[in-house]
Amino acid sequence: MAETSFAILLLSLATIILNVNADAGRPAVFILGDSTADVGTNNFLPGSQARADFPFNGVDFAFSIPTGRFSNGLNSADFLAKLLGYEKSPPPYLSTVNYSHYSRMTQALKGINFASGGSGIFRLTGQLPSDTPNGGKQNVIPLAEQIRQFESIRSSLMAAMGPLPTLRFLSKSLFFISIGSNDIFEFYHSDNNLSKERFFANLGFAYENQLKALLELGARKFGIISVPSIGCCPSQRLNSPNGGCLEELNDHAIAFHTKIETILYRLSKEYQGMKYSLGNAYEMTINVIDNPLPYNFTNVKTACCGVGRLNAESNCNPNANLCPSRNNYLFWDLFHPTEAAAQLAAITLFNGPTRFVAPINFSQLAQA
């Protein structure tokens, strides 16, 4: 009797929240990916070395708290949630494990973040070799495992609301995914003999299968963010005598965007009701690098927080150099954008023209 009453209460709660979200024009938001979208997932991995829960990370967050975001403040996932009308970004999935069942389902109806810094499309991307310190312990959560975590949330929703209401809810929810950079970095800097063509064929095959897994679970609206001009990160500029971009890495980013375009178009024909928006992160970033002043950036080469040449010879940490005018820097650390750059990216994804996000932008996706 008690279990039946609780199920009825939960179903009533779900109906109320779904109606409130619908009335406010706010679909639930599920976020998957890497450090560009991680809001603290890796804080919950004791053996992880891909963490940012220490200063100067978070220096511009409320009370200067290092939250685990690879940023001086908020990241693009946070700003996208705000643009959709949410006061706060969805929390990390692992932070909800200790929630009461009631609280966890309440949050699931608004959205959850599964993104893990350092992760990739391939299962082994970002993992530590077994012969290194902490080797064998989980360093990151790969995309396939993030999808399994989402599946557990879906199962709970199914149990609470029933199959049809859950599938209806998921079909209206937004699935934002930002991943692929770490796979490309590892390929580029590895000694394997794999050709570029074979690598991208393998990467595209793996990504398509993971998107299919989400589609089979009921996802229908995808906001995909491709790989930015990663050859222009401060860490990669170190490899150039004059501090220029590594154009071969940028070519890889362009090639992967083309691959994703093809995959999304094909899946949209295969799965009824699928809609997508693809953010061209390469074009967005290179546009700012080539024309920074209109966006209030005065430094697009050097990391704001770091050590040595270009502030890119060490990770951001409490002993690093910290730039005073963070809103004028494109890069926060060796790899990641500042809060100002993340906000610009989110606004572009949400409202931008087809040069930067196509065939529709994220705002149009939410309303579709």
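Phe-30, Tyr-93, Phe-114, Phe-150, Phe-169, Phe-175 and Phe-222 come together in one aromatic cluster. The model is a predicted one, in which local features need pLDDT of at least 70 and side-chain atom pairs count only at pLDDT 80 or more, while totals for chains, interfaces and linings use all residues. Residues are numbered from 1 along each chain as its sequence is written, and side-chain values use heavy atoms, with hydrogens and water left out.

The structure holds 14 aromatic pairs, where rings of Phe, Tyr and Trp (its six-membered ring) pair if their centres lie within 6.5 Å, and planes under 30 degrees apart count as stacked, over 60 as edge-to-face and the rest as tilted. The ring centres of Phe-150 and Phe-175 are 5.3 Å apart and their planes stand at 90°, so this pair is edge-to-face. Phe-150 belongs to helix H4 (residues 143-161) and Phe-175 to strand E3 (residues 174-178), 25 residues apart, and the pair thus links distant parts of the chain; helices (H or I, at least four residues) and strands (E, at least two) are DSSP runs, numbered from the N terminus. Phe-150 and Phe-175 are buried, a word that means under 20% relative accessible area, whereas exposed means over 50% and partly exposed lies in between (1.4 Å probe, protein chains only). Phe-199 and Phe-200 also form an edge-to-face pair, with 5.0 Å from centre to centre and 70° between the planes, and both residues are buried.

Turning to the backbone, Asn-296 has a positive phi near 75° although it is not a glycine, and this residue is found in the loop between helix H10 (281-290) and strand E6 (299-303).
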